[in-house]
Amino acid sequence: MIHAETTTLPQRSFGATMRTDGWWTQPLLVFLGLGTFIVYSTWAAFQGAHYFLGNYISPFYSPEFFGPSPHNWFGPKPAWWPAWLLFSPALLILWAPGGFRLTCYYYRGAYYKAFWADPPACTVGEPRKTYLGERSFPLIMQNVHRYFLYVALIFIAILATDVWKALWFADPVSGKTSFGIGVGTIVLAINVVLLGGYTFGCHSLRHLIGGFRDQLSKSTSCYRAYACVSCFNRRHMLWAWMSLFWVGFSDLYIRLCATGIWHDLRII
Amino acid sequence: MSPQKQATFRIWRGDRLGGEFRDYTAGVSEGMVVLDAVNHIQATQANDLACRWNCKAGKCGSCSAEINGLPKLMCMTRLSDLPLDQPVTVQPMKAFPAIKDLITDVSWNFRVKKNIKPFKPRSPDAPDGTWRMAQADIDRVQEFRKCIECFLCQDVCHVLRDHQKHEQFTGPRYLIYVAALEMHPLDTEDRIDELRNTQGIGYCNITKCCTKVCPESIQITDNAIIPLKERVVDRFYDPFGWIWRWMKKKSDRQSPNAVKR
Ligand code: SF4
Ligand code: SF4
Ligand code: FES
Ligand code: FES
């Protein structure tokens, strides 16, 4: 395209920088945060047990298409499921939120730095000389993000109905359900709010809902929706971390209650 | 009166053939910025020290340099914000060829700019040759007009800085320039093909260093690059997008007066 003369300062080696501040703290925190979540969620997804407690279900396992809990949609583990293939209701669905986060613009930028050192931090030397970016395979695949968004929006609705279900407790003796609120209900409700804040601030949603237009004001509804998504979008990173932490905690809460280590407190 | 506080400035001296860091000491007084120190050193100790500056108010974009390893405007970097117990390093921008000392040859940027399709407004809305726009529509591009062309974002971008893809990638400054034109409510030009091909938007891996260093606090990545990436997805990577455009084209053909969306 344009002829450019090469620079005189040489390419820096990995980690070389003139920065005097603690540039490595942020990528390290991202590495530890995401790493812990990946390890925990993988472990939890493979358990296939202790993911529900009465009317509560862990967000890692919802929707439960097939599975042993009363929350399942289409019955228990299907008979045609090959015996050699490990079965867990979470493994059937976790690709969706996983893929959504993996292709999220915020997380991409964050894990390219923390997990791939591309770059390790701003103005810090990189380990590799070659660079492809998101222009060619494999990273060109990140462009599917909006399709994961469509699925994520459906998940928000499903998790919201889980909160609704978490408001109705069955009496252990008579079996009659009555309205109530437990700590678990609140945990699941916060989870949906945080996941909603994250999903409704998605860059792809911001584009699809109005950002693609140059004359936004022509459609009042588009304009309002764009303004609303932009508002969530401004704090997308914060929503991303809060929702990530809380979805993990929600699973942990239900898991610990289901195994009897913690006891769910009934507030109302 | 207590003796004036001193600080060491480690300034890169050299030209395109090479160079070295040299240490200078200068007195520090209240409200001082790095450019003051550099000017003082130039006046008292190194008359041949080359540096560029003009407004001393963060508005001309000429005093760009790397201070303690981070791209910054020298005139907007207060000494009180730097750790003065260690030398303050001042060096030229790494992504561009050195000319002398703190001065680099940024002309590549101006050549890149020439390749971008210019503003092409629709025909005037009123008989007197003027247009009507809603403020709500122009708000978005106004942010990009704040750019002072300091090229700090170009300097910090690892695609240019470390991988030297100056031939394949226009850099963040010109992506916001394209965004300002492309999202303009009056503009009718189409720049999406070039964005993907010659301007190489796919090289950006949204690591946001450009946004971090921009002295005008332009949200380069979130408000310009990502929305442009989404427009590229519309055209090249989204099968639903193809169908949508095909249907739109058809309906536009049926109503010939249709204006830009
Ligand atoms: S976000 Fe993109 S353009 Fe900005 S510095 Fe990073 S790679 Fe370069
Ligand atoms: S976008 Fe910001 S950093 Fe980049 S040239 Fe313009 S003012 Fe400088
Ligand atoms: S950009 Fe983060 S969820 Fe879409
Ligand atoms: S001298 Fe004008 S921006 Fe620093």
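The shell around ligand 1 comprises eight nonpolar, four polar and one charged residues. These assignments refer to a predicted model. Of the 13 residues around the ligand, those that come nearest are B:C157, B:C204, B:T207, B:K208 and B:C210. Helices α8 and α9 of chain B are the elements that give two or more residues to this shell.

Ligand 1 takes up the space of the largest cavity.

## The largest pocket

The largest pocket has a volume of about 1000 Å³. Its lining consists of 43 residues, and A:R234, B:K208, B:T211, B:Q219 and B:D222 lie nearest the centre.

By class, the lining divides into 19 nonpolar, 12 polar and 12 charged residues.

## Strand pairing in chain B

In chain B, strand β1 (residues 5-15) pairs with strand β2 (residues 18-28) in the antiparallel sense, over 11 bridges. The two strands form a hairpin, with two residues between them. Within this pairing, B:K5 of β1(B) has B:V28 as its bridge partner in β2(B).

Strand β1(B) also pairs with strand β5 (residues 88-91) of chain B, in the parallel sense and over three bridges. Here the bridge partner of B:I11 is B:V90 in β5(B).

Key. Residues numbered from 1 in each chain as written. Chains lettered and ligands numbered in written order. Predicted model: local features only at pLDDT ≥ 70, side-chain atom pairs only at ≥ 80, totals over all residues. Heavy atoms only, no water. Pairing = 2+ DSSP bridges. Helix = DSSP H or I, 4+ residues; strand = E, 2+ residues; numbered from the N terminus. 1 Å grid on protein atoms, 1.4 Å probe; cavity = no way out; pocket = protein on both sides within 12 Å on 5 of 7 lines; lining within 4 Å. Points joined across faces, edges and corners; volume = space filled by probe spheres on them. Nonpolar A, V, L, I, M, F, W, Y, C, P; charged D, E, K, R; others polar. Near = heavy atom within 4 Å. Sits in = over half its atoms within 2 Å of the grid points.
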